[in-house]
Amino acid sequence: MRILPALPEETLFSRCVRTRDVNGMTAEHFFRSFLNNIAHSLHPSLTSSLNILTESTAETGHELWLNQTLVPLYAWALPEYRAELEDLTISAARLRTLCKLCRFTEHYTAVLKHCPVCVHADIRKYGVAYWHRQHQIAGVTSCHHHQVNLNHIADPRLSSLHLHFPYNREKMISLSGHDDFEFAKFTASALSLICQSAPGFLSYGDSPLISGFLHRLSAKNDPTYFEKINDLASQSEKTCKALFPVQTNMVSQWKALLYNPSPQPPARTLLLLFCLHQLNIC
């Protein structure tokens, strides 16, 4: 018994669901077969026990980590924890704690997102639809290919995985805002560069956009820069609301992304980079 071959930029969660859909395998059977633990759960974008899963796949554990999870994004945002996040034996509890996703369990709300146009395209090209990992990044509300709003599925209980497969859902299609679409494209490109360990994308502090902005701040001490960033971020209306549910004292929140050593959601930092890119600061 083997997990199905990987599709481009899918998630391990997607492969688990496809295994269930094609082979009639229940979630419990999947976890018993591959992890010997029926109580285990598979996160939509963060997966532990890769050292065990890789025994049943053609990919190495690092390839699964790099190409089918969002852990590289968190390693980029949390460089002080990179070594631990790269550990393929990391426990699910520790992974969730590091990534600030403590609310995800089998019985608490998780969110899956999909693009209805991608669903149609996937089925036509591959014969099956799958969850795209770029869509699962918190704050991304638009498909980076099709400029349509992503459909959200809240509370995907893993005991009925097949019911949450994209082509089983109502396909509501609506155009997304231009700025939400541009942020989605920027985020998809950034994730690709992060996974390639491209120069400037080894960690968020390695970004020339951030270093250039800090240099400009120290040179001019112009407080209006943060107001300009906030104005640009606010144009990505759905994205900004998703990442900053309480939109008060925004200047302090943008400053915290630069100066506060406490971890921040990666997508907030990506939104900051997106705004700095728009301002052409480097």
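In this predicted model, the largest nonpolar core has 58 residues, and Leu85, Phe213, Trp254 and Leu271 touch the most other members. A nonpolar core here is a set of buried Ala, Val, Leu, Ile, Met, Phe, Trp, Tyr and Cys residues joined through side-chain atoms within 4.5 Å; buried means under 20% relative accessible area with a 1.4 Å probe, counting protein chains only. Helix H14 (residues 266-278) gives this core its largest share, eight residues. In soluble globular proteins, nonpolar side chains tend to be buried together.

Leu271 is in contact (heavy atoms within 4.5 Å) with Phe183, Ala233, Thr239, Leu243, Phe244 and Trp254, leaving out residues up to four places away in sequence.

The protein chain as a whole has 14 helices and two strands. These are DSSP runs numbered from the N terminus: helices are H or I with at least four residues, strands are E with at least two. Of the 282 residues in the protein chain, 51% are buried.

Ser207 sits in the loop between helix H9 (178-195) and helix H10 (208-220). Is Ser207 buried or exposed? Ser207 is buried, with a relative accessible area of 4%. Apart from neighbours within four places in sequence, Ser207 contacts Gly200 and Leu273.

Residues are numbered from 1 along each chain as its sequence is written. Local features need pLDDT of at least 70 and side-chain atom pairs count only at pLDDT 80 or more, while totals for chains, interfaces and linings use all residues; side-chain values use heavy atoms, without hydrogens and water.

Definitions and conventions
Buried means under 20% relative accessible area, exposed over 50%, partly exposed in between (1.4 Å probe, protein chains only).
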